[in-house]
There are 4 protein chains.
Amino acid sequence: MPDFNLSARQQALQERTRAFIAEKVIPYERDPRCTAHGPSEDLRQELISLGRASGLLSSHVSTDFGGLALDHASKAILFEEAGYSPLGPVALNIAAPDEGNMHLLQEVATPEQKERWLRPLAAGHIRSCFCMTEPAPGAGSDPGMLQTTARKDGDDYVIDGTKWFITGAEGAGFAIIMAKLEDGNATMFLADMDSPGITIERAMGALDSCFPGGHGVVRFDGLRVSACDILGAPGEGLRYAQVRLSPARLTHCMRWLGAARRCHDIASDYARQRQSFGKTLGEHEGVSFMLADNEMDLHVARLAIWHCAAVLDSGALGKHDSSVTKVIASEASWRVVDRSVQMLGGQGVTHETVVARTFADMRAFRIYDGPSEVHRWSIGRNILRGRKPTQL
Amino acid sequence: MPDFNLSARQQALQERTRAFIAEKVIPYERDPRCTAHGPSEDLRQELISLGRASGLLSSHVSTDFGGLALDHASKAILFEEAGYSPLGPVALNIAAPDEGNMHLLQEVATPEQKERWLRPLAAGHIRSCFCMTEPAPGAGSDPGMLQTTARKDGDDYVIDGTKWFITGAEGAGFAIIMAKLEDGNATMFLADMDSPGITIERAMGALDSCFPGGHGVVRFDGLRVSACDILGAPGEGLRYAQVRLSPARLTHCMRWLGAARRCHDIASDYARQRQSFGKTLGEHEGVSFMLADNEMDLHVARLAIWHCAAVLDSGALGKHDSSVTKVIASEASWRVVDRSVQMLGGQGVTHETVVARTFADMRAFRIYDGPSEVHRWSIGRNILRGRKPTQL
Amino acid sequence: MPDFNLSARQQALQERTRAFIAEKVIPYERDPRCTAHGPSEDLRQELISLGRASGLLSSHVSTDFGGLALDHASKAILFEEAGYSPLGPVALNIAAPDEGNMHLLQEVATPEQKERWLRPLAAGHIRSCFCMTEPAPGAGSDPGMLQTTARKDGDDYVIDGTKWFITGAEGAGFAIIMAKLEDGNATMFLADMDSPGITIERAMGALDSCFPGGHGVVRFDGLRVSACDILGAPGEGLRYAQVRLSPARLTHCMRWLGAARRCHDIASDYARQRQSFGKTLGEHEGVSFMLADNEMDLHVARLAIWHCAAVLDSGALGKHDSSVTKVIASEASWRVVDRSVQMLGGQGVTHETVVARTFADMRAFRIYDGPSEVHRWSIGRNILRGRKPTQL
Amino acid sequence: MPDFNLSARQQALQERTRAFIAEKVIPYERDPRCTAHGPSEDLRQELISLGRASGLLSSHVSTDFGGLALDHASKAILFEEAGYSPLGPVALNIAAPDEGNMHLLQEVATPEQKERWLRPLAAGHIRSCFCMTEPAPGAGSDPGMLQTTARKDGDDYVIDGTKWFITGAEGAGFAIIMAKLEDGNATMFLADMDSPGITIERAMGALDSCFPGGHGVVRFDGLRVSACDILGAPGEGLRYAQVRLSPARLTHCMRWLGAARRCHDIASDYARQRQSFGKTLGEHEGVSFMLADNEMDLHVARLAIWHCAAVLDSGALGKHDSSVTKVIASEASWRVVDRSVQMLGGQGVTHETVVARTFADMRAFRIYDGPSEVHRWSIGRNILRGRKPTQL
């Protein structure tokens, strides 16, 4: 029977995370180590220490690896709170792409791979990157266009190709690399970033500045990888991408919901205080309607996320539901941030508050993990094939 | 902990109602007794008989009065199914305004009043109307502008005034009348419609044609009502209006969600079959994106309704939450219907399907029980006062 | 050099038409001869008499046939004024489909055909219909799917097929019929509606009620047409459809712009007078913002229409520009009417004003003469092919 | 009579400016001297030299001061072309705030003031700033809240106060300062930026990076200004703000229209070339519909700008029309840029193209020179007072 109550544990997580962000993380937002290419490694380590002390670090990982083994429903609670600051996901070691990489490793890596790569990653000692997207004519929204190759050579594989938009590449400890075998089947490989044959060609300038390491162009020139560094099984790359995709998509929704709520709260405070034309800004209907629309958008985004989390927790792959949720949540959160900018007026477009930064950080969310258009196409196709919405 | 599963009873209700609408009600949709002022009384009685036989009649009413005593969460399930046909709510005796009137009577009427008015109403033998809205300069969205007066005269009250947009007035057995006492306090009265002093001045032409009795202008000229026909207590009119309002608003959302889903289903079928420019309509992304947007709108409307139902079931008055839900659901359902019209092309604007009729029927939903603008104003004001969204 | 001044003649036309509509036509709006299938023939004749007396009848037709030989730019002025009342285009004999049919006949008919069909049509003595759209699997938005056939039989052609959404069929004096020859080429034929072999199967129920004769399903069973009743040349049907299409599309935009302006004016008046929550409705920003949006939508629709009229007056076919203008104007006008309904509250959805009627009348405009989606597709394709916007 | 042809001179200006931007300016877009606070003075001077050589410099200024004395209609042509590159307005010395300041000086300054300040500004030798906006509780959208004071002291005035969002303050040669006299009347003063008593407290971080000098917080501490450095007459500050405002607002619209067109062109090229799911991106309707919407938005923005230019050229103050145009053009241009980002996918949010930069640069345009909400309020109020749209 539909129920919207948080469990006692979820309430406790919510309160603890909220307090942690407010008290420990937000004070760092104006730290000069927040650069155009994300928080510096130095700052990241400082934040991770705080996160570790809070007992909330890497909460989606199993307890064996130091996490809280949260299910998706509980992640929805904690991650929204973490997203309330652009530095929150970093401090709690649940930022993209590390968070999704940990999830993937946990699901498909061998015990040896987990020890070697998951353990230090979950502890926040190192970062990672996920090398999938390629420049034209390679794989973008359409994974079928993969160009990077992995050629068998004795017991090893030799990887050649170029990837871009590789978030966190600069400074990452290791990479998960998608490449196609000679039979055309996509396969994932693990490799330390200091391996010979990996070059970061350049950092890409970007609107966002929330991801440690920014976004890079990564070239593989004869990168030699042992067969035992294949993540899971050969030829399973596209399937694993799906394993990673729905949850990763959903955790993006959770974090950005928190970011949007933050902007709404800042705009609400401003609307309560700023005077204009003889009354507070908020007493102007034109402004209070925007606040109302913000609340409604936050509400539907949250409900859709909670629903999708329940779908994933039921064991379903959730491809359709995570598409639906991603479009709803990314577009709703975006509207919230855009309206918050507007309500703040001149301050909305300057760094007087965190809103302008969130505006720049969030724009890409309507694009990565599938642009809205690809999801709409996929949802529409499912409808045409007779798929009914998931009823739990 | 958030949960989106239906209980076994809810699933059974959903299936039974769905089957009832499909098998018994939809065949009546082209019955010529569906007039511009709603289904005729004759047709209504025929439908009510079917509803009674189904065991699903007046399901929101207590079992004492023949209903199923459904909570709001279960109404959300059944009423959505009922709304799948414009005749469904009539057949199950859960159409506005009777449904809300039954709810109100159950909450505040005396045992004698219940026997006299609720019992035959819940049985579907008679209809009722709710006389609140007045022509300018009287009460519209702003109930503070009430002009109709009730003057004490011995043990009786004498009511004078004019009401309009009185849904179902023509043919109703009785009315609930909002009037203000000499001390200015709004009070509700019960009166049989054939009482001397009640005149239906005229039927109003309207876009919709789903409400039995249409919409009328009702005049009270010295209508004499006994003090024991005050509904509940004197001076409590505005409070009772609130008692009625949130649930009535929410049941509107439920029924119209079903209507929107129907239109989406019709458009989906059409998109699967109709050929255009060398492929099916649905294979055009421009159309499949509309289908995807429909599904997302239906999804958020449903989630918001379920959430608000849980709020009401928790015992809260739910004024804020029902405002939020009403705007979300009315605007989302409207977009669904508008897109469905568009996808159907020429057929969308003709009575070849039920979509054009739903389009005309539903437009008023963005206005009655509070136009979107009044709700946005109220939601915004609550935010400015520091109200947080309801967390259960 | 861009200029937005009306010429003296245009100003005079504007003023005369505006006065004619206000004084002569609007009083007929509540005439009971306005039926669900449009104004009766009786009423139409009465209105045409007034139009004739005004000297503004059939103004787009050449002076030889009693018109004013207006260019497109001047039609934009006069037709907008005519559209200010749902009966205005009827009274001035410039309603669809007659207006477009007159244009087409004037462009491509033989002198004999003009005498026989254009002259009485331009005089308002008879009406006409344009038989193009077919039920599935025939021609809808995609004219290539034409199913109606014209088989050569001696000097005659024998036409078989079914058409629907044939506006004005009931009561029309003659039809223009699109059919394909045995070689597959589309051809237009002229035929009196009382010819053997033409049957109006049924009237279609529709949202709109502004077109005399409503919309019908028309069947041709062995309709025999003489070769000299081919409109223009055989095999030129699709080209002629284009000749008719751009101007007809644009005159729809003009008339509906007038209708939208009317709704805006009614809503503006209401917003000035109606009190709500202690001030006039218009003093609520939520309402005044809607008025502002209305004015902006009317403005861009008018500018786009004037621009497209200039393109057509320059001698261009204007297919791309009329697509652009049709989408802009139909969607902008629709938003105006929808907002006007909303501002009027309960009155907006009843026939207390002409707004609800316009709402129902106008919805089909986003569909006929090409749904927005077909135009967007066509505009997008032109952009991809490198087409630049028309610069005059 | 409405006409949309460019004059021969306008066509020539369009072609020359288009070529200048393409050949001379665009190559500088990746110059490292483009900083987060705008192009460096060094780069600006280099661009100005090119602009001077092109003969198109400061084209809105009278020929006496080295310009082309363009009317508003011709500015609409040239400025749109200039805006095609973020560096274009700088190169042609028509960027905000200098362009508006030149206009204002030309309209109201004394001959001596013009020689001293307008001449070097029009020549591009120096820059200027306009000191109006203040931190809370001072003047933002509501100029009535002005806090900065100018106290008469002998023949001089002494100015105290703080201004922020002062575009171009850093590096400006002089400032126009709005302050209120002891009688409360707003007055404009001219002062060299190196005067004692002017301090740039700090540079403000901002989303945009197109304005030389960025945005600063400027403090006046006992700034002494001679009475002969009052701009025009005392007490006329608000009126002069209006003189500056409508044209400045409109030139913003022109430049940003060019910027939006650039983004659309880049997205169109990408849609023609990039492959996705077996066809070019543009062959997906979801993308081609966005291209179509872009073209329509560009079209209505241009038409509205041209119309408003004609209103201003007719001698009208154009306050209402420039409000209407500003909302239409700023929102339409914004939609174009946002869609272009979306179509470009990952590249849209990185500095691989100029689109992401334009996205960040343009957001403030919906806020400065009056946020959309203030304009909607003002437009709505004018409607309620019975104002009709300007007909020329």
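Which residue of chain A comes closest to the rotation axis? I found D3(A), with its C-alpha at 2.4 Å.

A note on what I am reading. This is a predicted model, where local features need pLDDT of at least 70, side-chain atom pairs count only at pLDDT 80 or more, and totals for chains, interfaces and linings use all residues. Residues are numbered from 1 along each chain as its sequence is written, while chains are lettered from A and ligands numbered from 1 in the order in which they are written.

**Entry: A and B.** I superposed chain A on chain B by a rotation of 180° with 0.0 Å of shift along the axis, and the RMSD came to 0.0 Å.

Next I looked up the contacts. 40 residues of chain A touch 40 residues of chain B; contact means C-beta atoms, placed from the backbone, within 7 Å. On chain A's side, α7 (237-273), α8 (285-313), α9 (319-344) and α11 (372-384) each supply at least two residues. Helices here are DSSP runs of H or I, at least four residues, numbered from the N terminus. α8(A) gives the largest share, 14 residues.

100% of the interface residues of chain A are also interface residues in chain B, so the copies meet through the same surface.

**Entry: D and A.** I laid chain D on chain A with a turn of 180°, a shift of 0.0 Å along the axis and an RMSD of 0.0 Å. The two copies are therefore related as by a two-fold rotation axis. In chain D, A360(D) comes closest to the axis, at 3.7 Å (C-alpha).

Key. Contact = placed C-beta atoms within 7 Å. Least-squares fit on C-alpha atoms with pLDDT ≥ 70 in both.
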